[in-house]
Amino acid sequence: MSSTSTEEVAGWQSSGQQGQADAGGWQRMHKLTPLIKGWTYLLGVIAVVSHSVLGGSLDLSHSPAKVLPAFAVMAAVVLAIVVLACLSWWTTAYRLGEAVIQHRKGILFRQTRQAPLDRLQAVDVVQPLLGRIVGLSELRLEVAGGTGGDFRLAYLSDANAQRLRRVLLAQAAGLSLTDGQAGEQEAPEAPQHQVYELSTGTMVAAGLHSTGTLMAALWVVGAMVTSLVVGSATVLLALLPGLFTTATVVWASFNSHFGFTVATSPDGIRLRHGLLERRSQTVPPGRVQALEISQPLLWKGRGWWMIKMNVAGYANNVTTDQLSAVQTLLVPVATIEQVALVISLVLPDVGVPDPREVLRAGLLGRTGDGSTDGFVVAPTQARWLAPVTWSRRGVMVTDRCVLARSGRLRRYLRIVAHERMQAVGVRQGPLQRRLGLASVVVHSTRGPVRPRVDHLRVADAAALVSAQSARARDARAVAQQQQWMRQVAPVLADALAAGSTPSSPNLPTPPQ
Amino acid sequence: MTIPPTLSHDLSSEPGHDPENMHELFNPHDVTWTPVSRGLRTVRWIVFACCWLPCAASCLLVAALLAHRWMWVVVAVLLPLTLAWGMWLIHRQVAALAYAERHEDFLVRRGVMFRKLTVVPYGRMQYVDVQAGPVERMVKLATVQLHTAAPGVDASIPGLGAPEAARLRERLASLGEAKLVGL
């Protein structure tokens, strides 16, 4: 690593703040970083000390000769934590280059990661609770084709994190940058237009209408009845673990969904949510790989839906399931109208004249409900393999995307644009062969959305597979544009500045 | 909507296309399949035998310990039967494994009972791996594996002769590079 500070100085812009950057353009994290990262460890030490004192294993009234060694050990531990945190801060730095960002870290084993910005998939700015108090944020990049999965800069001052986000998105979009005051790069903030906001009332109501809460309620009632019958209150103790689990789950979703907003802007879809930990996600145009609109059983009466999305990098091996579930949620609770609006922004051209009608058919339609809705459906013999859901199974292919609907108790509609399809496959088991059926799988990137169409007629499946590879090829040839702003920036910026209504499905948006 | 929904990409007008033909599903009309080397059968037989022999030995041991006449009959019938069934299954599976290079995409077909066909566009391949295990190396075979950004794309082609594996890797890598598009 020693070579980087002496060579290729010219290639790296010194984007430093007030001369913080060194000769190679490397810039360190905010000075309070060790405090934010290390406070949990310090809390641990304090907990151990107080436990020993209170528990009597460390009696302060003893002679100093007995107490001192214990304190010496603790002081050494605290010192070690502080030194390590400071060393880690000292060695961690980032620098911006021409369409690339580098990040180095590690005390003993130095590690440098590089992310090509034209492969930028999403930028998240995360503010943990403590960070919000002192004004620090973490910047997370999701990059396809980078070296190593996890790219996070923790922690930066709020202003610096926002500036870096703007600069990264502008560079990724292919815009030229302007130099700000202190010699640092600056990019203009893209105008944004909020299209969805989750009210706390709706969020609570939606949470109460989940199967988990229903089970918890049944569990409570059951235990109460049992305790009355048996005549002993000890049965109620059995409730505690179950209630605790439910409370954890409810709290986690409350905490992450709180104040959920979706906004559209030229640099992509912006999501903001979180009660204690605030997360702002920016997913540039064309980075949403696949969508899944679903409706849990108990939401049917209310007509609520949720939307999940696949974004490359949001479901890496390194990120935990819980985190990727938070990141890949596009809309937590929405009416069918709001769903149509958000879909029209993420996928501006569904390839049909009336996208709302198609959406309605995909979400609510069934075989035999009298409507001819454009979906190619599973034939009647599919009921032998899918007795409940066969009537919902169907697929529709437009010029731009594939829509696969399924599920009856929990309804699903999954959408993949042709140019986002990774591969397509067909499979057939012995029973399906006997019934003249086959399943088609449309492969998308890693994520919660796994589009597949089960139990189609063999002829339909064959046509779908062979046509799908041709369609994907044509769509890729037309659509591919990594730096999405190169051609459409002025149009969209004008449209947004003029305050065009977001409900119009024909909002000019960059090619997907 | 009066026109019935359709999925085809005006394929019906092409000659030789018979949508009702069951055979068509795993044999698209514009594809010439290359079967994998029959040497793969040997590889898999050897691997199968390595698993089967310990099982057979322990069955015999149990039978000897129990020393029951019926036990011997069961063992005498079952053991050859499982051996024959496994070898027959491997034979069929290897015979069904095939791949094809089309103009724009790569096709892999596998399975007899549970059939599977995967179509991977060249532009979607991230990288190509060639691997060879110890048994494969004995009979000079290798496995070529295509990697895309999607999990669950089963696009590995086992049982390729070493020159064919090298040729395929080179060809796929160069095609992938030429046609690679972003995600």
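**Exercise 1. Work out how strand 15 of chain A is paired and whether strand 15 is enclosed or open.**

Step 1. Start with strand 16 (residues 329–334) of chain A: three bridges join it to strand 15, and the two run antiparallel. Strands here are DSSP runs of E with at least two residues, helices are runs of H or I with at least four residues, and both are numbered from the N terminus. Two strands count as paired if DSSP finds at least two bridges between them.

Step 2. Check burial. A residue is buried if 20 or more other C-beta atoms lie within 10 Å of its own, exposed if 12 or fewer, and partly exposed in between, with C-beta atoms placed from the backbone. In strand 15 (residues 305–311), five of the seven residues are buried, so this strand is largely enclosed by the rest of the structure.

Before you go on, a word on the source: this is a predicted model, in which local features need pLDDT of at least 70 and side-chain atom pairs count only at pLDDT 80 or more, while totals for chains, interfaces and linings use all residues. Residues are numbered from 1 along each chain as its sequence is written, and chains are lettered from A and ligands numbered from 1 in the order in which they are written.

**Exercise 2. Find the strand order of the seven-stranded open sheet in chain A, and say which strands stand at its edges.**

Step 1. Trace the sheet: its order is 7-6-5-13-12-11-10, with antiparallel pairing.

Step 2. Go to the ends. Strand 7 (151–157) and strand 10 (193–197) each have a single partner strand, so one side of each is left without a neighbour in the sheet.

Step 3. Neighbouring strands are turned by 20° against each other on average, direction ignored; the axes are lines fitted to C-alpha atoms, and angles run from 0 to 180 degrees between N-to-C directions.

Step 4. Zoom in on one pair. Strand 12 (residues 268–273) and strand 13 (residues 278–283) of chain A share five bridges and run antiparallel. Leu271(A) stands opposite Gln281(A) in strand 13.

**Exercise 3. Place Leu464(A) in the fold: which element holds it, and what does it touch?**

Step 1. Leu464(A) sits in helix 12 of chain A.

Step 2. Leu464(A) is buried, with 25 other C-beta atoms within 10 Å.

Step 3. List its contacts, meaning residues whose C-beta atoms, placed from the backbone, lie within 7 Å. Leaving out residues up to four places away in sequence, Leu464(A) touches Val395(A), Val397(A), Val440(A), Leu456(A) and, from the other chain, Leu7(B).

Step 4. Compare sequence with space: Leu464(A) and Val397(A) are 67 residues apart in sequence and 8.4 Å apart C-alpha to C-alpha.

Step 5. Follow Val440(A). Among its contacts beyond four places in sequence are Val424(A), Val426(A), Ala461(A) and Leu464(A). Val440(A) is also one of the residues with the most contacts inside the largest nonpolar core, which has 144 residues. Such a core is a set of buried Ala, Val, Leu, Ile, Met, Phe, Trp, Tyr and Cys residues joined through C-beta atoms within 7 Å.

**Exercise 4. Describe the contact between chains A and B.**

Step 1. Count the residues: 42 come from chain A and 34 from chain B.

Step 2. Find the elements on chain A's side. Strand 18 (394–397), strand 21 (423–428), strand 22 (437–443) and helix 12 (458–479) give two or more residues, and helix 12 has the largest share, 16 residues.

Step 3. Sort that side by type: 21 nonpolar, 14 polar and seven charged. Ala, Val, Leu, Ile, Met, Phe, Trp, Tyr, Cys and Pro count as nonpolar, Asp, Glu, Lys and Arg as charged, and the others, Gly among them, as polar.

Step 4. Look for pairing across the chains. Strand 21 of chain A and strand 4 (residues 115–121) of chain B are antiparallel and joined by five bridges. Arg427(A) has Lys116(B) as its bridge partner.

Step 5. Check the confidence. The model scores ipTM 0.85 and pTM 0.84. Chain B has a mean pLDDT (the predictor's confidence in each residue, from 0 to 100) of 85, and 87% of its residues reach 70 or more. Over residues 10–19 of chain B, though, pLDDT stays under 50.

Technical notes
Two residues are in contact if their C-beta atoms, placed from the backbone, lie within 7 Å.
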